[in-house]
Amino acid sequence: MHPLFLPSSSSSSALFLLLLLLLTLQTLTSISLSQPEALPSLEKCGNFSISFPFHLSSSSPVPFRLTCANSSTLFLHINHQNYRVIEFFTDGLLVDFPSSPCRQFNDLRSFPFSTNQFFSISFENVISLYDCEDSSLCKAGCESNVLFGCDGREEDETSGGDIGCCYPLSDHSAWRPGDDFSVFGKYGCRGFSSWVVPRGTNRGKRGVKLEWAIPRNSSEGICDPEARTVNATAIQGSARCVCRDGFAGDGFVHGNGCLRSCYRDGNEVYGNKCEIKKHNGKKLTVLAGVLAPLFILGSLLALFCLLKRPVTTTHEGQHFHHSPTTTTTSVSFRKGYTKTRLFTYRELEEATKGFQDSQKLTQGKTGTIYSGNLKNGTRVLVHKVLCENQIEFLEISSQIDHLSAVLHRNLARIIGFCMDIGYNPVVVYEYPVNGSLEDRLRLGLDWCKRVNIVAEVAGLLALLQYENYPPILHNNVGSGYIFLDEDFQAKVTGFGLQRKQRTDSCMYDVAVLLLEIVTGSKQREENVTQALQRIRCGKLEEIVDPSLYFHEQPVVYREQIGLVADIATRCVLFGGDGKFGMVDAARELLQIAENNGGGGCDKKGDGIEETFSNSSLLQMISMSPDSIYLPKT
């Protein structure tokens with residue numbers, strides 16, 4: 001049977017269009033978008049780097065003009081008072097009392113500061129009041145903060161110091177925005193000291209934090225196109241420019257603006273260094289708007305040509321066809337073969353420069369992950385797995401084989417492994433381009449992306465735990481082991497791979513991860529306890545990551561932050577006895593992510609649900625907790 005062909009004119013048109021498409025593509029790939037590879041240098045005064053809008057020049061706006069004394073000491077001038085600058089924050093600066101030397105308690109009028117449209121005393125200050133007649137002012141939970149005296153020693157009752165009456169300005173009951181410290185005189189207080197306690201921590205820095213902002217009527221048009229406007233917390237009607245996710249800088253058009261930012265080998269880099277390069281070394285272009293119409297037309301014409309052609313047969317009458325792909329977005333297994341490569345330990349030593357500390361990305365209970373480069377130029381994550389004895393070595397070998405067969409959109413692809421006798425087992429993963437969640441939280445990450453990421457991670461862990469035999473448990477899931485691709489989709493690495501793991505440990509690790517996306521910082525065991533205490537006491541806002549600007553978030557997002565904190569609490573309280581498991585956490589986080597379709601968030605619910613397609617776990621997640629039956633393994 002002879003195949004049919006389109007008329008010659010149609011074939012010529014299709015050929016011409018395809019040639020035009022290739023010519024356009026070749027022309028455009030020679031064009032690259034250029035960005036600086038470093039942030040502009042900043043003015044210096046001793047150890048201080050001065051960011052816009054602050055400036056040493058006399059031509060800078062008066063409210064933000066600073067003075068550098070003796071090339072080392074920085075002063076801010078407000079209301080005819082000089083305040084020595086101790087430290088800069090993204091939303092404010094820590095200053096000392098105008099009087100000196102440092103005193104344990106200062107007079108209530110010793111900090112003569114009046115709020116204006118540019119500066120206000122920050123909510124993050126915690127003060128210690130002396131000799132107050134009204135003890136109802138004192139807040140018991142405030143005393144859990146670690147505060148230091150003038151001599152640098154911890155100033156609390158356990159060390160013999162006297163912190164007096166402790167009051168956080170975030171309480172709002174006695175002090176309100178616009179007040180100065182003399183307001184505490186009506187409670188009979190005679191003196192005070194002040195510390196700033198950044199959200200997510202309990203360690204105070206002595207001094208008074210001042211929040212800064214620019215009046216909204218003068219802030220229009222001053223933010224970089226890659227920045228968003230954020231309302232001030234303590235200054236009514238004022239705002240700041242903040243670079244959006246994936247960018248770094250001061251956010252202002254007249255400052256250094258916003259420059260693309262990413263992590264490479266554990267270090268923050270900028271501009272062109274963040275471009276994803278193809279194998280030929282040319283920079284990736286973003287001129288899809290030009291190519292898209294031509295590509296669509298070419299594709300439609302090619303499809304039309306294919307539909308016009310008959311199916312070609314063999315002499316035996318059997319149809320040729322493409323074998324179905326094995327890669328899907330839902331969880332599946334490769335049967336009979338894997339595409340993983342067997343490395344030698346020497347190869348991985350060369351890739352990681354001898355497993356140098358400079359290549360180390362994260363370390364935990366399951367081992368250490370290094371950044372590596374293979375001889376063909378491929379960047380990889382190299383996980384040296386902890387292994388204590390020969391039995392564990394054999395278990396890990398079996399689990400690596402099992403894990404390599406799993407295909408899942410949120411599991412980092414395993415490129416290969418090494419099981420050389422005499423060395424720790426090593427697993428080699430792909431290297432997602434946006435680095436680790438831990439690094440991204442340091443740079444700042446919006447709430448929508450945070451909740452999508454943890455929903456994806458919990459869903460993956462639930463699938464690996466309940467739809468596999470033997471179950472695959474992570475044993476140390478945390479922000480350092482979660483990497484992000486170009487779409488900020490989670491890619492989990494760093495599995496422990498020993499079979500003696502316990503599910504209650506996994507639930508505690510998930511609780512720590514959830515607290516980390518709420519607070520924006522790593523959670524040590526003592527910090528976890530303190531964070532849970534504040535959540536149960538209704539003081540969630542005291543631990544929320546400052547970069548989330550909790551008070552300026554829409555009500556729905558503030559509620560979601562509370563829901564995630566509640567899930568973390570139940571993971572700790574009920575994860576050990578099985579009353580609250582990974583399926584429960586995945587179900588609730590998935591529901592939160594599905595509700596994030598508006599307000600500037602990318603709708604991820606459909607994508608996450610697609611992860612569970614063709615899976616019995618999706619039905620489990622949709623059921624009530626009491627109706628879930630988990631097969632015994």
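**Aromatic pairing and helix packing**

Phe52 counts as partly exposed, at 25% relative accessibility (buried, under 20% relative accessible area; exposed, over 50%; partly exposed, in between; 1.4 Å probe, protein chains only). Phe252, by contrast, is buried, with a relative accessible area of 1%. The model is predicted, so local features require pLDDT of at least 70 and side-chain atom pairs pLDDT 80 or more, whereas totals for chains, interfaces and linings use all residues. Residues are numbered from 1 along each chain as its sequence is written, and side-chain values use heavy atoms, without hydrogens and water.

The structure holds 24 aromatic pairs (centres of Phe, Tyr or six-membered Trp rings within 6.5 Å; stacked under 30 degrees between planes, edge-to-face over 60, tilted otherwise). Phe52 and Phe252 form a tilted pair, with 5.2 Å centre to centre and 55° between the planes. Phe52 lies in the loop between strands E2 (48-50) and E3 (66-69), and Phe252 in the loop between strands E16 (247-248) and E17 (259-264), so the pair ties together parts 200 residues apart in sequence. Ring pairs also link both residues into a cluster with Phe48, Phe54, Phe64, Phe88, Phe118, Phe119 and Trp212.

Helices H6 (residues 447-466) and H10 (residues 582-594) pack at an angle of about 150°, with their axes 8 Å apart (DSSP runs of H or I, at least four residues; strands, E, at least two; both numbered from the N terminus). Axes are lines fitted to C-alpha atoms over the stretch in contact, with angles from 0 to 180 degrees between N-to-C directions. H6 and H10 are therefore roughly antiparallel (over 145 degrees; roughly parallel, under 35; roughly perpendicular, 65 to 115; oblique otherwise). Contacts (heavy atoms within 4.5 Å) involve H6 residues including Val451, Leu461 and Tyr466, and H10 residues including Met582, Leu589 and Ile592.
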